[in-house]
Amino acid sequence: MNTHTLYADRRARLAAQLGTGGIAIIPTAPERQRNRDSDFLYRHDSYFYYLTGFTEPHATLVITADGETTLFCQPKDMEREVWDGIRLGPEAAPAALGLSRALSSAELAAQMPKLLENRSTVWYPFAIHAGLEGRVDGWLQSVRARVRYGALCPDQQRDLCSLLDEMRLVKDAHEQAIMRRASAISAGAHIRAMQRSAAMLRAGQEVREYHLDAELLHEFRQHGSQYPAYGSIVAGGANACVLHYRADTALIRDGDLVLIDAGCELDGYASDITRTFPANGTFTGPQRALYDLVLASQDAAVAATKAGARFVDPHEATVAVLAQGLLDVGLLDKNKVGLAQDVIANRSYFQFYMHRTGHWLGMDVHDCGSYVEPSQVGQISERKDPLSGESIKDRPSRILQPGMVLTIEPGLYVRPAPGVPEKFHNIGIRIEDDAIVTQTGCELITRGVPVKADEIEALMKG
């Protein structure tokens, strides 16, 4: 399927879900100013791009239930195009993008009341675009002003995310192919950073976090990635215990572990890899003990990831391995916290592992899609959190289907604290891979970068 047909098919599938008299409004993202006379590098809205493949700003897509599609986009303007680049323009857009028609974005305010007139339901993404709700209200007021002339005004407003999230959650072959390429680029970037770290230390050079960040960025762009999928985490030593740390100026010392959480975005799709490695290429005993434990927990999570399983199953598999391992290595004292089942029940592991084991991945690095099984959303159980004492309402976790893509990223983060053996102080480890769910298991698309400790050491030797 060519991309022209691909986007048209998505629009048709969405139109079929809008209901009789339905109309959908999907804006792209605004340009955002960084400082005076300088904008951040533009990035389109993911929902809009999913339906159009169009990357220009100042655009809005309108779809009606009968399949008619209207794009409002920037008009051709030779003076502005000298400064900002060539615009597609409304005249060329229908043929180029497979749309019914296109109009200038300057006509949006005047045309929208006409498009909304005699419709029953207006769909748009709730809580995504600041000010959109107010603009829709204004357009509807214009429709109401014509009711004495027989115009009908939509009497329902619905969240378009509820439809698009379900569509985007299962990735088609086109999307999976892009994500595999993005993963391969990101894997190469991690390899480059690992090898650079060891080489610089062997040469007696000063290594700082930004040196390794530079290697990542070079590899991303070298292979055609448009930008990093998120702010890269490059954390040496104790910095790895800060979950959302950003690459900074900190010195990376011989003997430190380095945690890198980084992935590129390619053609609108994110990759997301974390590797933890010894800066000099050789794990110490305590580092290796905790690393092997995290890897074993990831292996358990990977085995639990398959069609028919629940989204929560990989997390529970990870926690089961970590709970026993924390007792085995002495980070938790069984005389104080009990056996592994007690560690799980009381969440004693939370001191060292405080996040979930994964998230959806796609156009957004934390991609859209419900984590609750839609067919069982009404089933609610209540429990008390053993740490906070708060009452928590649980609903059945999402059932995994082939084509869903998620991360699998267990970790351990050991901050100095009473009772924590000093040999483990300030060790932070996370191992993260991206997985496409298959009928019988999952395909790990990020294993182009080694994950076993022995293989990492071998890679960093030369």
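How many bridges join strand E1 to strand E7? In this predicted model, local features need pLDDT of at least 70 and side-chain atom pairs count only at pLDDT 80 or more, while totals for chains, interfaces and linings use all residues. Residues are numbered from 1 along each chain as its sequence is written, and side-chain values use heavy atoms, with hydrogens and water left out.

Strand E1 (residues 22-27) and strand E7 (residues 121-124) run parallel and are joined by 3 bridges. Helices (H or I, at least four residues) and strands (E, at least two) are DSSP runs numbered from the N terminus, and two strands pair if DSSP finds at least two bridges between them. Strands of a sheet pair through backbone hydrogen bonds, either parallel or antiparallel. Here, Ala24 stands opposite Trp123 in E7.

Both strands belong to an open sheet of 6 strands, ordered E6-E5-E4-E1-E7-E8, and its pairing is mixed. At the edges stand strand E6 (101-104) and strand E8 (156-159); each has a single partner strand, so one side of each is left without a neighbour in the sheet. From one strand to the next, the twist averages 20 degrees. Angles run from 0 to 180 degrees between N-to-C directions, and axes are lines fitted to C-alpha atoms, for helices over the stretch in contact. Helix H6 (residues 132-144) packs on this sheet and touches E1, E7 and E8, with its direction at about 155 degrees to that of E7; contact means heavy atoms within 4.5 Å.

A further open sheet is formed by 3 strands in the order E9-E12-E13, with antiparallel pairing. Its edge strands, E9 (227-228) and E13 (269-270), each pair on one side only. Between strand E12 (residues 264-266) and E13 there are 2 bridges in the antiparallel sense, and Leu266 has Tyr269 in E13 as its bridge partner. Helix H8 (residues 173-202) packs on the sheet, touching E12 and E13, and its direction makes about 145 degrees with that of E12.

H8 also packs against helix H9 (residues 209-222), at an angle of about 145 degrees and with the axes 8 Å apart. Among the residues that make this contact are Ile185, Ala189 and Met200 of H8 and Leu212, Leu216 and Phe220 of H9. By class, the contact has 7 nonpolar, 6 polar and 4 charged residues. In this count, Ala, Val, Leu, Ile, Met, Phe, Trp, Tyr, Cys and Pro are nonpolar, Asp, Glu, Lys and Arg are charged, and the others, Gly among them, are polar.

Now to the open spaces. On a 1 Å grid over the protein atoms alone, a cavity is a set of points where a 1.4 Å probe fits but cannot get out, whereas a pocket is an open set with protein on both sides within 12 Å along at least five of seven lines; lining residues have an atom within 4 Å of a point. Grid points are joined across faces, edges and corners, and a volume is the space filled by probe spheres set on the points.

The largest pocket has a volume of about 810 Å³. It is lined by 27 residues, of which Val312, His315, Glu316, Arg356 and Arg383 are the closest to its centre. The lining has 13 nonpolar, 6 polar and 8 charged residues. The structure also holds 1 cavity of 30 Å³ or more, and the largest cavity has a volume of about 50 Å³. Its lining includes Phe311, His315 and Arg356. Strand E17 (405-408) gives the most to this lining, with 3 residues.
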